[in-house]
Each structure stands twice: as C-alpha cells, then as structure tokens.
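I opened my notebook on this chain. I wanted the overall build, then a handful of residues in their surroundings.

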Amino acid sequence: MSEVNELAEKLVTEGQRMAAFFAELTDTQWEDEVYTEGETWTIRNVLAHYVTSERGLVKLFERIRTTGEGAADDFSIDHYNAAQQLKTKDLTPAELLEQYKQVRADSVKWVGGLKEEELEIKGRHPFLGETVIREMIKMLYLHNQLHYRDVKRALK
C-alpha cells in the first residue's frame, strides 16, 4: 500500500472512531468542561474545534501544495480558535458531528488525491512550524487524539 493510501486510511479509521465516540454522548455530557484555562471549552467546543481546525488546515495544506505558501509568521492559533468558536456557537452537537464527518471525508479525499512526491513539499504549519505535508497530515489525527484523551479525562 502506498504511503498516501496509508495516511488516508488512518484518517478514515480515526475519523470513524471519533464520530462513534461523539455519537454516544448524552445531552448533558456535551456540556462537561474539558479546558478551563482562558476560555472554558466543553466537549461540544472540542468537537467544534475538530471541525474548524481540520477544515482550515486542509485548505492551508492545499495552498502549500500548490504555491508553497504556508501559515503567516504572525498567525495566532489562539485568536483563530477563538474566532472559530464564535462562528460555531449556534450549532448543535448533532450538526457539529455531521460537519465533522463531512470535513473528515473531504480530508480523506484530498489526501487520497496526492501524489507520493507531494508528501515531501515543505511549508509552514501554524503549530509544527516548517515541515513537510506528510507530517501535517499525521498531525490531523494526532491532534484529535490529544484532545480526545482530555475529553475522556473530563468524562470521569
């Protein structure tokens, strides 16, 4: 199996696992607090973050792939995340879950369309800094796994 296919398959598997997890939450669990430093984030906010960050990152990856232009040096992850939370504040957990499934399907399609050599294209990722597209793709599912761990901890 090619590396592109392996990365796409990992996104499928992890996406299904996350979607199944969120689909099982009760109405009250969505409001459980996960992060309390700065702005408080509930489990609902974490899912909104999955949606908005992945949507934005895949757009960035495509820009890097086609132009080599990555995230700006002065890009602020915190400001971006706060603005995205405001944009999604009126969406229900069910709506966010459907958006997550669609965003992940779009990511899988984008990754699956890459040529092997495009995994080596370098650009500036907002968190990782200067790196190759391969590492950026891996961060899509690793990022969600990190937050998932925190969500599981909040549910105990």
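**Entry 1: Gln-85**

Is Gln-85 buried or exposed? I looked it up: Gln-85 is buried, with a relative accessible area of 10%. The cut-offs I use are under 20% relative accessible area for buried, over 50% for exposed, and partly exposed in between, with a 1.4 Å probe and protein chains only.

I note the provenance at once: this is a predicted model, where local features need pLDDT of at least 70, side-chain atom pairs count only at pLDDT 80 or more, and totals for chains, interfaces and linings use all residues. Residues are numbered from 1 along each chain as its sequence is written, and side-chain values use heavy atoms, with hydrogens and water left out.

Gln-85 sits in helix α3, residues 77-87. Helices (H or I, at least four residues) and strands (E, at least two) are DSSP runs, numbered from the N terminus. I then listed the contacts of Gln-85, skipping neighbours within four places in sequence: Trp-41, Arg-44, Asn-45, Ala-48 and His-49. Contact here means heavy atoms within 4.5 Å.

Which residues of α3 are buried? I found Asn-81, Gln-84 and Gln-85. They lie on the same side of α3, because they cover an arc of only 105° around the axis. The arc is that of the directions from the helix axis to the C-beta atoms. An α-helix has 3.6 residues a turn, so residues three or four places apart point the same way.

What do the buried residues of α3 pack against? I traced them to β2 (41-42) and α2 (43-67). On the other side of α3, I found His-79, Leu-86 and Lys-87 exposed.

Ile-77 also belongs to helix α3. Ile-77 is partly exposed at a relative accessible area of 29%. Beyond four places in sequence, Ile-77 is in contact with Pro-126 and Phe-127.

**Entry 2: the whole chain**

I counted five helices and four strands. Along the sequence they run α-β-β-α-α-α-β-β-α. The radius of gyration is 16 Å, close to the 15 Å that the globule rule gives for 156 residues, so the chain is as compact as a globular protein of that length. I take that radius over C-alpha atoms; the globule rule is 2.2 Å times the number of residues to the power 0.38. Along the principal axes, the C-alpha atoms fill a box of roughly 45 × 35 × 25 Å.

How much of the chain is buried? I get 44% of the 156 residues. I then checked contacts between residues at least 6 apart in sequence: 71% of them join residues at least 24 apart.

For charge, I have 21 positive and 28 negative side chains, and the centres of the two sets lie 1 Å apart. Lys and Arg count as positive and Asp and Glu as negative; His and the chain ends are not counted. Each charge is placed at NZ of Lys, CZ of Arg, CG of Asp or CD of Glu.

**Entry 3: two loop residues**

Where is Gln-29? I placed Gln-29 in the loop between α1 (3-23) and β1 (33-35). Gln-29 counts as partly exposed, at 23% relative accessibility. Setting aside residues up to four places away in sequence, Gln-29 touches Glu-24, Ile-43 and Leu-155. Gln-29 and Arg-44 are 15 residues apart in sequence, and their C-alpha atoms are 8.7 Å apart.

I placed Glu-69 in the loop between α2 and α3. Glu-69 is partly exposed, with 46% relative accessibility. Outside four places in sequence, Glu-69 is in contact with Leu-60, Arg-63 and Ile-64. From Glu-69 to His-125 I have 56 residues in sequence and 10.0 Å in space, C-alpha to C-alpha.

**Entry 4: Tyr-35**

I finished on strand β1, where Tyr-35 is found. Tyr-35 is partly exposed, with a relative accessible area of 22%. Which residues does Tyr-35 touch, not counting residues up to four places away in sequence? I listed Thr-40, Trp-41, Val-46, His-147 and Asp-150. Tyr-35 and Val-46 are 11 residues apart along the chain, and 9.1 Å separates their C-alpha atoms.
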